[in-house]
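Student: I'd like to learn how to read a protein model. Can you take me through one?

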Amino acid sequence: MMNDAKEPSSSEGNCSSEFQSSQQMDWLRVQDSLKGKLITEDDFEWRLPTREKEGSCEILKYVGGVDLSFSKDDSSIACGTLVVLDLQTHNVVYEDSSIVRLHIPYVPGFLAFREAPVLLELLDKMKNNDHGFYPQLLMVDGNGLLHPRGFGLACHIGVLADLPTVGVGKNLHHVDGLTQSRVRELLQAADSPENVLPLIGDSGCTWGAAMRSSQGSLKPIFISVGHRISLATAIEIVRMTCRFRVPEPIRQADIRSRECLRNNQ
């Protein structure tokens with residue numbers, strides 16, 4: 001029985017290391033280029049149902065959610081799912097999934113280069129079909145500004161899709177002195193009926209917000225700006241879409257991507 005795996009020679013190891021270093025330099029350049037197009041304040045033509053009518057702008061109705069689930073047997077096999085919910089009813093009005101083999105490894109700080117192409121393809125497919133439920137806003141299972149380089153998966157997708165985008169993470173990147181344990185302590189100590197804590201780093205920069213989104217939840221979620229939206233609006237929309245800990249668009253995308261994988265294994 002042949003086994004293609006072998007220990008790399010020192011020269012092969014050096015080549016591999018040089019390739020990875022070169023690849024990351026390319027990714028850094030792409031991130032910097034896209035970051036220059038980032039908009040971190042409200043920039044959309046709709047309004048929230050909770051806000052007073054201004055002119056003739058339409059109400060936010062269709063909120064999308066995207067997520068990737070990975071095969072337990074092969075971490076390179078993933079299912080990307082896009083769902084769109086009606087904000088008023090929380091019913092799923094559109095869903096699409098794609099099972100793919102990923103050839104780019106996970107590298108900390110560069111998750112978008114592994115996951116974004118799959119999710120952007122689902123958005124492009126929906127847009128090209130001129131679907132009436134195309135999302136007015138997209139929620140991403142991942143971080144936006146709350147990222148070591150201030151440009152996470154939600155920012156990456158938002159800029160390339162030119163969509164108002166919110167990042168919602170279940171775990172906290174250790175950025176600018178912020179740690180998971182420190183944030184939990186501050187959130188528990190905070191006397192806030194809204195259960196929201198601004199994530200202000202040692203530098204004084206506000207990276208996002210931690211929120212206990214459901215009654216009795218000990219684990220917060222971490223909200224950050226993706227693109228074309230302010231943190232205050234992002235928090236308000238997350239609050240409107242949370243029936244459980246995770247906002248419903250992301251929760252439904254997660255459920256359906258896992259089900260799609262099970263049905264195709």
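Tutor: Let's go through confidence, charged pairs and then a pair of strands.

Tutor: This is a predicted model, where local features need pLDDT of at least 70 and side-chain atom pairs count only at pLDDT 80 or more, while totals for chains, interfaces and linings use all residues. Residues are numbered from 1 along each chain as its sequence is written, and side-chain values use heavy atoms, with hydrogens and water left out.

Student: What is the mean pLDDT of the chain?

Tutor: pLDDT is the predictor's confidence in each residue, from 0 to 100. Here the chain's mean is 88, and 88% of its residues reach 70 or more. Over residues 1-16, though, the pLDDT is below 50. Beyond near neighbours in sequence, that stretch has three contacts (heavy atoms within 4.5 Å) in the model.

Student: How many salt bridges does the structure hold?

Tutor: Side chains of opposite charge can pair when their charged atoms come close. A salt bridge is a side-chain nitrogen of Lys or Arg within 4 Å of a carboxyl oxygen of Asp or Glu. This structure holds 12. One of them joins Asp74 and Arg101, at 3.1 Å from N to O. That pair links distant parts of the chain, 27 residues apart: Asp74 is in the loop between E3 and strand E4 (77-86), and Arg101 is in strand E5 (residues 92-101). Strands (E, at least two residues) are DSSP runs, numbered from the N terminus.

Student: Do strands E8 and E9 run parallel or antiparallel?

Tutor: Two strands pair if DSSP finds at least two bridges between them. Strands E8 (residues 196-200) and E9 (residues 206-211) are antiparallel, joined by five bridges. Leu197 has Ala210 in E9 as its bridge partner. In their hairpin, with five residues between the strands, Gly204 takes a positive phi near 95°.

Notes
Helices (H or I, at least four residues) and strands (E, at least two) are DSSP runs, numbered from the N terminus.
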